[in-house]
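I opened the model today to see what could be read from it. These are my notes, in the order I looked things up.

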Amino acid sequence: MLSSRGLKNVQELEVPWRFAPTQTYDPDTHPTGLISFGMAENKPMKAEMAKYINEKVTFTEDSISYRSSAPSAARLPAAAAVHLNDILAPHVPIDPEQIVVADSPTSLGNMLGYSLAERGDGILVNRPVYGRFELDYGVEAGVEMVYADTDAEEAFLPSSVEKYELALTAAKERGMNVRAVLLVNPHNPVGRCYPVETLKAIARFCEKHALHLISDEVYASCVFDTGDPEAVPFTSILSLNLPNLIAPSLVHVLYGFSKDFASGGLHLGFLVTQNQQLRQACKAVLRLHGASQAAVTIGTTVLEDRSFVSSFIAKARHSLASGYRLTTSILEKEGINFIKGGNAGFFVYIDLSPYLPSKDLPPREREYSLAQRLFDAGVFLHPGEEHSKDVGWFRLVFSQKENTLKEGLRR
């Protein structure tokens, strides 16, 4: 007999298409295998990161200990502060003391949900959005996502705050206590960055309603040049003059190695917050979510090597730009609609609504049916997981090796 929480989590495993299948395609050993456009990882850069780790990282006794010995324990937060000050350009420099190191941004999201909200409380986010936040904040903390329905392009306008207001009011009317707004910047799945004026409007909204503002910035360096002069550059929430907009103690930024360093399996994440009480609350549960000391050793070596970081990010941006151009050129050739103006992340948000099967099926079942048709042809797109208010939109992850990308798009 399980607890109610355990039973609820078991039910999550039964949600159709909730979890992406593993890519099995290999051009040499398994050419008929599945190509997955559902898992957001930067596959072309993984070999370079693995090569660097094999050649440059030296493991010590600290790497297999419960914790680093002094003064080694201070190296990773210090190196992370240097890196984040470089890529986020904060208005007030980040101090190592403001950083909590854990095993992933996913775990840190769970810890924020647990520390900022009660079970059954809500976190407000616009949609379409990365659908697994429901799991990140819900499985352990029991916090629910409250959605502000915006069109994919409307979400980046300052006026989108009106939709946040409507969603917040509706949540209150049904008895839900909303504790925070979750911002994903650069955005997943649309692949755009938020304009400064929109960031300011959202910050003012949070201050008005005494809401925490969680800014997930895991794609901060995955911004590339598409040649579009109107593409919006990345601006971290921390680069704003926050005291003019919101109490800095309400602002919390998530970052990690999974995207910028093509190292999702390394499990290394960072929370940046000036809120000392929140840092203490998170540290109290780090025994359940702490990064392994092997990951700490790797992360420290990488971040202290600023020359390598600069080179790696430059190569990653070039690779992403190439993948984006290839993907969008084929989509345009085939007449498949997608959200234009993307310049960040690993994905293009595409409209496959013209190809959905019979309208006699429920909307979500139509997406599932199309996903099955694609799956049977050897390519996977995640149905329903980005929570678009319009049926038929899918996130296509293009960060594959070129030959694999071409084969997946052909299929």
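**Salt bridges.** I counted a salt bridge wherever a side-chain nitrogen of Lys or Arg lies within 4 Å of a carboxyl oxygen of Asp or Glu. The model is a predicted one. My search of the whole structure gave 22 salt bridges.

I then went through some of them. Lys43 meets Glu41 through their side chains, with N to O at 3.5 Å. Lys43 counts as buried, at 15% relative accessibility. Glu41 is partly exposed, with a relative accessible area of 25%.

Next I took Glu165 and Lys208. Their closest N and O atoms are 3.0 Å apart. This pair links distant parts of the chain: Glu165 sits in helix α6 (residues 161–173) and Lys208 in helix α7, 43 residues apart. I checked the accessibility of Lys208 and found it exposed, with a relative accessible area of 60%.

Arg364 and Glu367 form another salt bridge, with the closest N and O atoms 2.7 Å apart. How far apart are Arg364 and Glu367 in helix α12? They are three residues apart in that helix (residues 363–376), so about one helical turn separates them. Arg364 is partly exposed at 32% relative accessibility. Glu367 is buried, with a relative accessible area of 1%.

I also noted a network of salt bridges. It links Glu12, Arg18, Arg132, Glu134, Glu385, Glu386 and Arg395.

**The sheet.** I traced an open sheet of seven strands with mixed pairing. I wrote down its order as β2-β8-β7-β6-β5-β3-β4. Which strands stand at the edges? They are β2 and β4 (144–149). Each has a single partner strand, so one side of each is left without a neighbour in the sheet. From one strand to the next, the twist averages 25 degrees.

β2 pairs with strand β8 (residues 269–273) in the antiparallel sense, over four bridges. Within this pairing, Ile99 has Val272 of β8 as its bridge partner. I then asked which way the side chains of β2 (residues 99–102) point. Ile99 and Val101 point one way, and Val100 and Ala102 the other way. All four residues are buried.

I moved along to β3 (residues 122–127) and β5 (residues 178–184). These strands run parallel and are joined by three bridges. Gly122 stands opposite Val178 in β5. Helix α7 (residues 196–208) packs on the sheet here and touches β3, β5 and β6 (212–216). Its direction makes about 170 degrees with that of β5.

**Cysteines.** How many disulfides does the structure hold? I found zero. Cys206 is in no disulfide, and the nearest cysteine sulfur, in Cys282, is 18 Å away. I looked from Cys282 as well: its closest cysteine sulfur is that of Cys206, and 18 Å is too far for a bond. The cut-off I used for a disulfide is 2.5 Å between sulfur atoms.

**The record.** Last, I looked up UniProt. Its unreviewed entry lists residues 85–410 as "domain: Aminotransferase class I/classII large". In the model, that span is 38% helix and 16% strand. Its end C-alpha atoms lie 42 Å apart.

Note on methods. Residues numbered from 1 in each chain as written. Predicted model: local features only at pLDDT ≥ 70, side-chain atom pairs only at ≥ 80, totals over all residues. Heavy atoms only, no water. Buried < 20%, exposed > 50% of the residue type's maximum accessible area, 1.4 Å probe, protein only. Helix = DSSP H or I, 4+ residues; strand = E, 2+ residues; numbered from the N terminus. Pairing = 2+ DSSP bridges. UniProt positions renumbered as here; feature names shortened; annotations may be inferred. Axes fitted to C-alpha atoms, helices over the stretch in contact; angles between N-to-C directions. Contact = heavy atoms within 4.5 Å.
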